[in-house]
Amino acid sequence: MESGAPAVNVTLRDVAAASGVSVSTASRALDERAPATRSATAARVRAKAEELGYRRNSFASNLRRGQTQTLGVLVPRLSDTVMALMFEEIERAAADRGYFAMVATSGDDPEDEERAVETLLDRNVDGLILATARLDDELPRRLRDRGIAHALVLRTDGVSPSALGDDEAGGYLAVRHLIDLGHRDIAVVTGPSFTSSAIARLAGARNALDEANISPREQWMVAAGYGIENGFSAGESLLNTTGERPTAVFAANDNIALGIIAAAHRYGITIGEDLALVGYNDIPLASRLSTPLSSVRVPLDQIARTAIDLMVNPPKEPQIRKALPTLIPRASSGSLNHA
């Protein structure tokens with residue numbers, strides 16, 4: 001082999017032999033996580049490794065130590081913009097801590113969730129971050145019982161370490177905004193009742209209504225899914241009437257809001273004029289709609305960093321950390337006292 005030409009599949013043993021040292025000495029000299037030594041032997045090993053074109057197999061090295069520097073992330077679906085954005089933030093935060101994040105989806109189905117988790121664990125991930133927690137889900141408890149490092153994001157079971165937005169505060173902000181605009185006939189379309197996020201956003205909405213002495217019409221308190229189609233169905237039930245209908249709607253996520261916009265268009269209802277609308281999560285599309293959508297912004301980057309911290313450095317007692325949301329008012333909620 002010509003000097004300086006990289007060999008194929010150069011091993012640590014090859015580097016050790018070429019350097020005249022033991023394999024363990026070569027390993028210590030090339031371990032990037034250990035403090036660099038300036039000894040002549042270490043320098044010789046590093047120079048020889050570079051000459052031979054050796055690449056350290058960090059996966060194998062970590063696996064021998066029982067670590068792979070890999071995190072498993074489980075989301076309901078990546079077609080949901082919020083979940084895709086959440087994974088991107090987790091991936092970025094994990095990389096900053098020296099971890100690689102791999103994602104799996106569950107479709108919000110408990111059986112598929114179980115299979116996905118076991119598949120990730122079979123890949124020897126160092127821990128799990130789950131955006132799939134259900135209030136009726138036994139999986140987080142089983143992970144705790146098995147001593148598997150994990151953290152929940154965006155949703156919580158109330159026990160496992162969790163990083164999420166303050167959904168109750170966010171629901172309050174959205175409905176308080178509509179009340180301040182003069183609305184009293186307010187509908188709330190929330191997410192599935194098995195999620196902590198839907199329960200908390202509805203609770204915050206009711207707190208704002210109670211504070212303003214507004215008795216909500218229970219038929220206008222609609223439990224739906226978090227998809228656009230769910231918002232469309234809810235919008236049809238609220239707006240397809242010749243009788244009284246709400247003048248304002250709080251949609252518990254932006255996908256629901258998009259569905260309501262589509263339903264309003266079908267019935268000739270103009271968003272921001274005939275109907276005020278506030279969404280939740282402030283996805284990138286929200287500000288780019290023909291009538292920009294008012295929405296509650298959640299700091300996904302902060303939530304991701306917190307989740308990584310909870311998983312890498314598990315607290316002695318489970319912690320639920322909530323990030324404060326921010327209301328972003330836009331044209332969809334109309335102008336003050338327009339109602």
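Guide: Let us begin with two helices. Helix H1 (residues 12-19) and helix H2 (residues 23-30) pack at an angle of about 105 degrees, their axes being 8 Å apart. Helices (H or I, at least four residues) and strands (E, at least two) are DSSP runs, numbered from the N terminus. The model is predicted: local features need pLDDT of at least 70, side-chain atom pairs count only at pLDDT 80 or more, and totals for chains, interfaces and linings use all residues. Residues are numbered from 1 along each chain as its sequence is written, and side-chain values use heavy atoms, with hydrogens and water left out.

Visitor: Why is H1 called roughly perpendicular to H2?

Guide: Axes are lines fitted to C-alpha atoms, for helices over the stretch in contact, and angles run from 0 to 180 degrees between N-to-C directions. Angles under 35 degrees count as roughly parallel, over 145 as roughly antiparallel, 65 to 115 as roughly perpendicular and the rest as oblique. The angle here is about 105 degrees, and therefore H1 is roughly perpendicular to H2.

Visitor: Which residues of H1 and H2 meet?

Guide: Leu12, Arg13, Val15 and Ala16 in H1 meet Val23, Ala26, Ser27 and Leu30 in H2. Contact means heavy atoms within 4.5 Å.

Visitor: What is known of the confidence in the protein, as given by its pLDDT?

Guide: The pLDDT is the predictor's confidence in each residue, from 0 to 100. The protein averages 89, and 90% of the residues score at least 70. Over residues 1-7, however, the pLDDT is below 50, and this stretch has nine contacts in the model beyond near neighbours in sequence. Over residues 58-65 the pLDDT is also below 50, with 13 contacts of that kind.

Visitor: Why does His183 count as buried?

Guide: Buried means under 20% relative accessible area, exposed over 50%, and partly exposed in between (1.4 Å probe, protein chains only). His183 has 4% relative accessibility, so it counts as buried. His183 lies in the loop between helix H8 (167-180) and strand E6 (186-190).

Visitor: What makes the link between the side chains of His183 and Thr247 a polar contact?

Guide: A polar contact is a pair of N or O atoms within 3.5 Å; within protein, one must be able to donate a hydrogen and the other to accept it, and residues adjacent in sequence count only if both atoms are side-chain atoms. The two side chains are joined by a polar contact of 2.7 Å.

Visitor: How do you know whether Tyr226 is buried or exposed?

Guide: Its relative accessibility is 14%, and therefore Tyr226 counts as buried. Tyr226 is placed in the loop between strand E7 (221-223) and helix H10 (228-239). Its side chain and that of Ser197 are joined by a polar contact of 2.8 Å.

Visitor: What does the side chain of Asp157 reach?

Guide: The side chain of Asp157 reaches the backbone nitrogen of Ser160 at 2.9 Å, and makes a polar contact with the side chain of Arg144 (2.9 Å). Asp157 is found in the loop between strand E4 (150-153) and strand E5 (162-165).

Visitor: What is stated about the phi of Asn124?

Guide: Most residues other than glycine have a negative phi. Asn124 is not a glycine, yet has a positive phi of about 60 degrees. At 39% relative accessibility, Asn124 therefore counts as partly exposed.
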